Amino acid sequence: MTDMQSLAGVDFAEGYIAVIDKPLEWTSTDVVRKIKFALNRSGYRKIKVGHAGTLDPLATGVLIVCIGKATKMVNALQAEEKEYAAELELGATTPSFDMEHPVDRRYPTDHITREMVGEALDRLTGERLQAPPIYSAKKVEGVRAYEFARAGEEVELRKALITVHEIELEEYDLPRMRIRVRCSKGTYIRSLAQEIGEELRSGAYLTSLRRTRSGGFTAENAWKLENFLEKLAELETNR
């Protein structure tokens, strides 16, 4: 699935999987809504469109969008292994564990060594429980967790069983580091950043996140959203 692929002859109602490179600052729902609107204009009225695995607005990369009968595959696709490229800033934290909110606390980093970082990453690898960020879409009694957070209310989020298969340290230049993470569904890389900070007796938050793979789908073979929408517009012109 590349930007050069033709959509001519595709019966979207029968099912199509579009692998989109989600743009920065778009929500996953924004992408689905935009594609559904374009499909409606191309003559596919009331067609089902959904995504398999939410990406935060400040994350980019592989977003699997299921169209028509392919929406039946959402749960199976969402359950597949994910891979991420993440950049972290050590020595500070934010309420959202990323750059959505400003830094709220500073911590020392002079004691941190590359060896300590490697040991911390090893300890965070494997099957374990992980708490979602309070600024997340997780529901508590039917209400999104971020709504409680924005209202200044404390709420306890249930930890989920996750598996971090591998964390590779790709670049280390204190206070910044870059890692590659291979993990199960349900793993919050924002929470992983916060956990890394705690393991290092300091703080950490995400400065960049890109999903490079979901199951067998990779960012290299994903559609740029604008190109996919252009191809859908061509269908409208030719109908």
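Select E195 to start: this residue lies in helix α5. Helices (H or I, at least four residues) and strands (E, at least two) are DSSP runs, numbered from the N terminus. The model is predicted, so local features need pLDDT of at least 70 and side-chain atom pairs count only at pLDDT 80 or more, while totals for chains, interfaces and linings use all residues. Residues are numbered from 1 along each chain as its sequence is written, and side-chain values use heavy atoms, with hydrogens and water left out.

**Stop 1: around E195**

Stay on E195. Is it buried or exposed? E195 has a relative accessible area of 12%, so it is buried. The cut-offs are these: buried means under 20% relative accessible area, exposed over 50%, and partly exposed in between (1.4 Å probe, protein chains only). Now show the neighbours of E195. Leaving aside residues up to four places away in sequence, E195 touches L124, R128 and Q130. Contact here means heavy atoms within 4.5 Å.

**Stop 2: R123 and E199**

R123 and E199 form a salt bridge, with the closest N and O atoms 2.6 Å apart. A salt bridge is a side-chain nitrogen of Lys or Arg within 4 Å of a carboxyl oxygen of Asp or Glu. R123 is partly exposed, at 46% relative accessible area. E199 is partly exposed too, at 29%. A search of the whole structure finds 17 salt bridges.

**Stop 3: I167**

Move to strand β10 (residues 160-173) and select I167. I167 counts as buried, because its relative accessibility is 11%. What does I167 touch, not counting residues up to four places away in sequence? Its contacts are L121, L124, T125, I179, R180, V181 and L192. L124 was also on the list for E195. For a distance check, pick the C-alpha atoms of I167 and Q5: they are separated by 34 Å, and the two residues are 162 apart along the chain.

**Stop 4**

Select R182 and E81. Their side chains meet in a salt bridge, 3.1 Å from N to O. R182 sits in strand β11 (residues 176-183) and E81 in the loop between α2 (74-78) and β4 (82-90), so the pair ties together parts 101 residues apart in sequence. Both ends are partly exposed: R182 has a relative accessible area of 25%, and E81 is at 24%.

**Stop 5: D21 and K224**

Next, select D21 and K224. They form a salt bridge, with the closest N and O atoms 3.1 Å apart. D21 is in strand β1 (residues 16-22) and K224 in strand β14 (residues 223-224); the pair links distant parts of the chain, 203 residues apart. D21 counts as buried at 8% relative accessibility. K224 counts as partly exposed at 37%.

**Stop 6: a nonpolar patch**

Finish on the surface. L24, L58 and M99 form a nonpolar patch there, with about 270 Å² of accessible area together. Patches are made of residues with over 30% relative accessible area and no salt bridge: like charges are joined within 9 Å, nonpolar side chains (Val, Leu, Ile, Met, Phe, Trp, Tyr) within 5 Å. Accessible areas come from the Shrake-Rupley method with a 1.4 Å probe; for residues, only the protein chains shown count as cover. Zoom in on L58, in the loop between β2 (49-51) and β3 (59-67). L58 counts as partly exposed, at 31% relative accessibility.
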